[in-house]
Amino acid sequence: MLTRIRNATRALLPNTEMAYSKMKESIAQILKREGYIAECTVAGDIKKTLRIKLKYDGRQTVIAGLKRVSTPGLRRYVGADEVPRVLGGLGIAIVSTSKGLMTGTEAKKQKLGGELLCFVW
């Protein structure tokens with residue numbers, strides 16, 4: 001998902017589509033809430049697709065970078081006090097906790113740790 005968004009922003013595409021999953025939809029909702037994408041919609045009944053409308057400031061993308069942290073080969077877990085700040089607070093870290101996906105600052109406020117999925121700035 002992150003690679004599709006990264007490639008679409010570099011090609012200045014207005015939107016991108018991908019196969020649907022609950023995890024991808026949760027990540028897209030966080031990106032929308034934080035202002036990195038314009039909107040996300042789910043289309044289809046049997047074979048669902050997730051359509052993400054990207055956000056631009058002129059010809060400059062709002063998402064400057066995406067980095068996957070936890071990979072299937074090496075999962076990275078952090079405690080509530082170990083959640084890193086991204087670019088000194090200018091970006092967000094997405095954490096998968098027992099209460100669902102949330103940003104790093106929300107996880108710190110609720111004193112939750114979990115799997116560190118990615119950084120967005």
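Q: What makes strand S10 largely enclosed by the rest of the structure?
A: 7 of the 7 residues of S10 are buried, so the strand is largely enclosed by the rest of the structure. Buried means under 20% relative accessible area, exposed means over 50%, and partly exposed lies in between (1.4 Å probe, protein chains only). Strands are DSSP runs of E with at least two residues, helices are runs of H or I with at least four, and both are numbered from the N terminus. This is a predicted model, in which local features need pLDDT of at least 70, side-chain atom pairs count only at pLDDT 80 or more, and totals for chains, interfaces and linings use all residues. Residues are numbered from 1 along each chain as its sequence is written, and side-chain values use heavy atoms, with hydrogens and water left out.

Q: How do you know that S6 and S10 pair?
A: Two strands pair if DSSP finds at least two bridges between them. S6 and S10 are joined by 3 bridges and run antiparallel. In S10, Val120 is the bridge partner of Leu66.

Q: What makes S7 and S8 partners of S10 as well?
A: S7 is joined to S10 by 2 bridges, antiparallel. There, Val78 has Gly114 as its bridge partner in S10. S8 also runs antiparallel to S10, with 5 bridges.

Q: What links S8 to S9?
A: A hairpin does, through 2 residues. S8 (residues 92-97) and S9 (residues 100-103) pair in the antiparallel sense over 4 bridges. Ser96 stands opposite Leu101 in S9.

Q: Why is the contact between Glu115 and Arg75 called a salt bridge?
A: The term requires a side-chain nitrogen of Lys or Arg within 4 Å of a carboxyl oxygen of Asp or Glu. The side chains of Glu115 and Arg75 meet at 3.1 Å, N to O, so the pair qualifies. Glu115 lies in strand S10 (residues 114-120) and Arg75 in the loop between strand S6 (66-68) and strand S7 (77-78), so the pair ties together parts that are 40 residues apart in sequence.

Q: Are these two partners buried or exposed, and how do you know?
A: Glu115 has a relative accessible area of 13%, so it is buried. Arg75 is at 41%, so it counts as partly exposed.

Q: What does Arg76 contact?
A: Contact means heavy atoms within 4.5 Å. Leaving aside neighbours within four places in sequence, Arg76 is in contact with Val69, Ser70, Gly114, Glu115 and Leu116. Arg76 and Glu115 are 39 residues apart in sequence and 5.8 Å apart in space, C-alpha to C-alpha. Arg76 sits in the loop between S6 and S7. Its relative accessible area is 38%, so Arg76 is partly exposed.

Q: How many salt bridges does the rule give?
A: The count comes to 3. One of them joins Arg51 and Glu17, with the closest N and O atoms 2.5 Å apart. This pair links distant parts of the chain: Arg51 in strand S3 (residues 49-54) and Glu17 in strand S1 (residues 15-19), 34 residues apart. Arg51 is partly exposed at 33%, and Glu17 is partly exposed at 38%.

Q: What makes Arg33 and Glu106 a salt bridge?
A: Their side chains meet at 3.2 Å, N to O. Arg33 lies in helix H2 (residues 22-33) and Glu106 in helix H3 (residues 104-109), so the pair ties together parts that are 73 residues apart in sequence. Arg33 is partly exposed at 48%, and Glu106 is partly exposed at 25%.

Q: Why do S1 and S2 count as edges of their sheet?
A: The open sheet has 3 strands in the order S1-S3-S2, with antiparallel pairing. S1 and strand S2 (37-43) each have a single partner strand, so one side of each is left without a neighbour in the sheet. S2 and S3 are joined by 6 bridges, and Cys40 stands opposite Ile52 in S3.

Q: Why is Thr9 called buried?
A: Thr9 is at 9% relative accessibility, so it counts as buried. Thr9 is found in helix H1 (residues 2-10). Not counting residues up to four places away in sequence, Thr9 touches Leu54, Tyr56 and Thr61.
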